[in-house]
Amino acid sequence: MQLPADSPLRKPLATIQKSGEMAAAIVNDLLTLARRGVVTKQVVHLNNVLMEYLQSPGFKELKSHHAALEVKVRVAQDLFKIEGSPVHLSKTIMNLISNAAEAMPAGGTVLITTENKKIDRPIVGYEQVEKGDYVVLSVSDTGIGISHKDRNRIFEPFYTNKVMGRSGTGLGMSVVWGTVKDHRGYIDLRSEEGQGTVFTIYFPATHGKKANSNPASTIDENQGTGESILVIDDSKGQREIASALLSKLNYSVKAFASGEEAAEYLKGTSADLIVLDMIMPPGMDGLDTYKKILEIHPGQKAIIASGFSETDRVKEAQKLGVGQYIKKPYTM
C-alpha cells in the first residue's frame with residue numbers, strides 16, 4: 001500500500017504474500033483433516049457463500065486456466081439457512097468446482113444448484129442420509145467420470161490422480177469430507193467413467209435464526225482517530241505487521257512481546273483496545289494475560305488473534321469479556 005503504483009517491488013511482494021496465503025491454507029486443510037480445525041459456526045445463507053466465491057479472484061483464476069469451462073448456476077431463492085463456517089463452506093465449494101474443472105480437460109459444463117429438501121425416510125447412496133430438513137448443494141460436470149477404484153478412495157488424504165504440485169495437493173476432497181462432517185452433513189456421489197460426476201452435499205437446515213450480515217467496508221470507513229491499541233504477541237514479525245496495519249488505519253499502537261510486559265505497562269496507563277495472541281510460551285498465555293489485565297482495568301476491551309483454532313481457553317476469555325476471535329494470518 002505504501003509503494004508507488006509503478007514500483008518494481010510490487011510484483012515480487014504480491015508473490016510473497018500469495019505464497020504465504022497458500023501455505024496458511026494448506027496448514028488449515030491439514031488442521032481440518034486432523035479435526036483440530038474446529039469450525040467457528042454462525043447462521044449463514046449458502047447462496048451468499050456461493051455467489052461470493054463465484055465473484056472472487058480465485059474463481060477468476062480457475063476460469064483463466066480452463067478457458068473452455070462453462071459454469072451454470074441455479075439456486076433456490078427461498079433457501080433455508082444453515083449453521084456453519086462461511087470460510088470452510090467457501091473452501092468446499094471451491095474444491096468441488098475445481099475438481100469438476102479438472103475432470104474436463106477439453107472443456108465442458110459445470111452445473112451448480114442449491115435447493116431445500118425434506119427427507120422423510122433415510123436415503124441410501126454413497127452415504128445414508130438421515131431424515132430431516134436439508135439445504136442441498138449439487139455440483140455436476142460433464143467430464144471423464146470417476147472409476148469405481150477411485151470412487152472408493154477419493155476422500156482419502158493425499159490420494160490424487162492429478163499432477164502433484166501443479167493441479168492440487170491431494171487434500172481438496174479430503175477437506176470437503178472433513179468440512180461436511182464438521183457441519184453434520186452427508187455426501188452423495190454418483191459417477192460413471194465417461195459420463196460425468198455429480199457431488200450432492202446435504203447440510204442440515206436451521207430454522208428461526210437470522211443469518212449473519214457482514215457488509216463489505218472500505219479502509220476509509222475504518223480509519224481511527226488516534227485511539228490507543230496494544231498488540232501483545234510473542235512473534236516479532238507479527239507485532240511489526242499488526243502495528244503497521246493499525247498505524248495505517250490511524251491508531252496509536254504499542255506492541256509487547258509478552259503478557260507480563262503488557263500488564264506492567266498498563267499499571268500506569270490505559271488502552272482503548274488490546275489485540276491479544278493466545279499462545280505465548282514460556283510466559284502467560286492470552287487467557288491468563290487477559291485475567292491479569294482485568295484486575296488492573298475491569299471491562300478492558302480486547303480481541304484475540306491466534307494462528308490456532310478457537311479453543312476452550314479462547315471461549316473462556318470470551319466469557320470474561322473478550323470480543324471477536326480472528327484467525328492469523330489476517331489482512332487489512
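Biologist: How many cavities of 30 Å³ or more does a search of the whole structure find?
Modeller: The search finds one. Please bear in mind that this is a predicted model.

Biologist: How much space lies in the largest cavity?
Modeller: About 40 Å³.

Biologist: And which residues line the largest cavity?
Modeller: The lining consists of Val231, Ile232, Asp233, Gln238, Val275, Leu276, Asp277, Ala305, Lys328 and Tyr330. Strand E10 (228-232) and strand E12 (273-276) each contribute at least two residues to that lining.

Biologist: How do the lining residues divide into nonpolar, polar and charged?
Modeller: Six are nonpolar, one is polar and three are charged.

Biologist: Turning to aromatics, how many aromatic pairs are found in the whole structure?
Modeller: There are four. One of them joins tyrosine 134 to tyrosine 186 edge-to-face, at 6.1 Å centre to centre and with 70 degrees between the planes.

Biologist: Where in the chain do those two tyrosines lie?
Modeller: Tyrosine 134 belongs to strand E7 (residues 132-141) and tyrosine 186 to strand E8 (residues 186-191), so the pair links distant parts of the chain, 52 residues apart.

Biologist: Are tyrosine 134 and tyrosine 186 buried or exposed?
Modeller: Both are buried. Tyrosine 134 also pairs edge-to-face with tyrosine 202, at 5.9 Å centre to centre and 90 degrees between the planes. Tyrosine 202 lies in strand E9 (residues 197-206), 68 residues from tyrosine 134, and is buried as well.

Biologist: Which residues do the ring pairs link into a cluster?
Modeller: The cluster comprises Tyr134, Tyr186 and Tyr202.

Biologist: What sits over the ring of tryptophan 177?
Modeller: The charged end of lysine 181 does, 5.0 Å from the ring centre.

Notes. Residues numbered from 1 in each chain as written. Predicted model: local features only at pLDDT ≥ 70, side-chain atom pairs only at ≥ 80, totals over all residues. Heavy atoms only, no water. Phe/Tyr/Trp six-rings, centres within 6.5 Å; stacked < 30°, edge-to-face > 60°. Helix = DSSP H or I, 4+ residues; strand = E, 2+ residues; numbered from the N terminus. Buried < 20%, exposed > 50% of the residue type's maximum accessible area, 1.4 Å probe, protein only. Lys NZ or Arg CZ within 6 Å of the ring centre and 35° of its normal. 1 Å grid on protein atoms, 1.4 Å probe; cavity = no way out; pocket = protein on both sides within 12 Å on 5 of 7 lines; lining within 4 Å. Points joined across faces, edges and corners; volume = space filled by probe spheres on them. Nonpolar A, V, L, I, M, F, W, Y, C, P; charged D, E, K, R; others polar.
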